[in-house]
Amino acid sequence: VVGPFSLAVTMTINGTTSTTLCNQGMKQVWISSCLGGKYVGLPHETFFFASGSCFSDARAIQTLNLVFGQSAPFTGPYGGEGNALRSGILAAFDEFNQGGKISGYTLRLWSLDDGNVADTATANAWSLISNGVHGLMGFYGSKASIMVSSIAASQGLGLFGPYTGTIGVRLSASTGTINLRASYADEINAMVQFIVGTMGLRRISIFYQNDSFGMQ
């Protein structure tokens, strides 16, 4: 639902209620607030409406919340993968929070849409960092992940589980990046071993994207 008029938005986050005057159109989606002018997912929070304004100064991270920031494509051609990535993280966080893995602490995820544009992802990373996240997680794509790994390292933060197999987030310059998926080289090696060793084929054709991702 979109309405081109001003409104006052009241949000309750971690028990703190604030009201912000907004001049953006209204939109009811899966998010509950917005950060840096972009929609942000705040799971498990109480809210009354979502709008295109920025957070008021009343928003703060409580000491018992461990908040991670994510940028990924939630719209556009890659939106399905981005939303699936976010859903997987939230499922893991829910299991963690319900199990009380760290007494008194709750994991939170703030997500920003970048449409699979690396420059937007880096801008989102800076926005998340400036708003006090404890780490970055679930960034999407090779170029964005390489750029953001350097940003995270420069700020003393970790980058967890970037959705890429690029060697660029496995170099010494990416100290603080924790990879959860295999590298592209590992994946290609496993495929070739299967094709040659199991299937017994000896001739292999290669088809790849003519960009930085494909050239790896």
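## A first look around the model

The largest pocket has a volume of about 960 Å³. Keep in mind as you read on that this is a predicted model. Which residues sit closest to the centre of that pocket? Of the 30 residues lining the largest pocket, the closest to its centre are Tyr 184, Gln 209, Asp 211, Phe 213 and Gly 214. The largest share, six residues, comes from α4. Sorted by class, the lining has 16 nonpolar, nine polar and five charged residues.

Now for the aromatic rings. The count comes to four aromatic pairs.

| Pair | Centre to centre | Angle between planes | Kind |
|---|---|---|---|
| Tyr 78 and Tyr 140 | 6.1 Å | 55 degrees | tilted |
| Tyr 140 and Tyr 163 | 5.2 Å | 15 degrees | stacked |

Why is the pair of Tyr 140 and Tyr 163 stacked? Its planes are at 15 degrees, and planes under 30 degrees apart count as stacked.

Both pairs link loops. Tyr 78 lies in the loop between β6 (65-72) and α1 (79-99), while Tyr 140 is in the loop between β8 (135-137) and α3 (142-154), so this pair ties together parts that are 62 residues apart in sequence. Tyr 163, for its part, lies in the loop between β9 (159-160) and β10 (177-178), so its pair with Tyr 140 ties together parts that are 23 residues apart in sequence.

Are these tyrosines buried or exposed? Tyr 140 counts as buried, at 8% relative accessibility. Its two partners are partly exposed: Tyr 78 has a relative accessible area of 38%, and Tyr 163 comes in at 36%. Tyr 163 has another neighbour too, as Arg 181 lies over the face of its ring, at 6.0 Å from the ring centre. Elsewhere, Phe 68, Phe 93 and Phe 160 form one aromatic cluster.

On to the nonpolar cores. How many residues does the largest one have? The largest nonpolar core has 17 residues, and those with the most contacts inside it are Leu 128, Val 133, Leu 136, Phe 139, Val 148 and Leu 159. The elements giving two or more residues to this core are β7 (106-113), α2 (118-130) and α3. Of these, α2 gives the most, with five residues. There is also a second, separate core of eight residues, which includes Ile 89, Leu 90, Phe 93 and Phe 96.

Asn 116 is found in the loop between β7 and α2. Most residues other than glycine have a negative phi. Asn 116 isn't a glycine, yet it has a positive phi of about 65 degrees. With a relative accessible area of 29%, Asn 116 is partly exposed.

The other is Arg 202, whose place is in the loop between α4 and α5. Arg 202 is exposed, with a relative accessible area of 64%. How far apart are Arg 202 and Val 192 in space? They're 9.7 Å apart, C-alpha to C-alpha, and 10 residues apart in sequence.

Key
Residues are numbered from 1 along each chain as its sequence is written. This is a predicted model: local features need pLDDT of at least 70, side-chain atom pairs count only at pLDDT 80 or more; totals for chains, interfaces and linings use all residues. Side-chain values use heavy atoms; hydrogens and water are left out. Rings of Phe, Tyr and Trp (its six-membered ring) pair if their centres lie within 6.5 Å; planes under 30 degrees apart count as stacked, over 60 as edge-to-face and the rest as tilted. Helices (H or I, at least four residues) and strands (E, at least two) are DSSP runs, numbered from the N terminus. Buried means under 20% relative accessible area, exposed over 50%, partly exposed in between (1.4 Å probe, protein chains only). A charge sits over a ring if NZ of Lys or CZ of Arg is within 6 Å of the ring centre and within 35 degrees of the ring normal. On a 1 Å grid over the protein atoms alone, a cavity is a set of points where a 1.4 Å probe fits but cannot get out, and a pocket is an open set with protein on both sides within 12 Å along at least five of seven lines; lining residues have an atom within 4 Å of a point. Grid points are joined across faces, edges and corners, and a volume is the space filled by probe spheres set on the points. Ala, Val, Leu, Ile, Met, Phe, Trp, Tyr, Cys and Pro count as nonpolar, Asp, Glu, Lys and Arg as charged, and the others, Gly among them, as polar. A nonpolar core is a set of buried Ala, Val, Leu, Ile, Met, Phe, Trp, Tyr and Cys residues joined through side-chain atoms within 4.5 Å.
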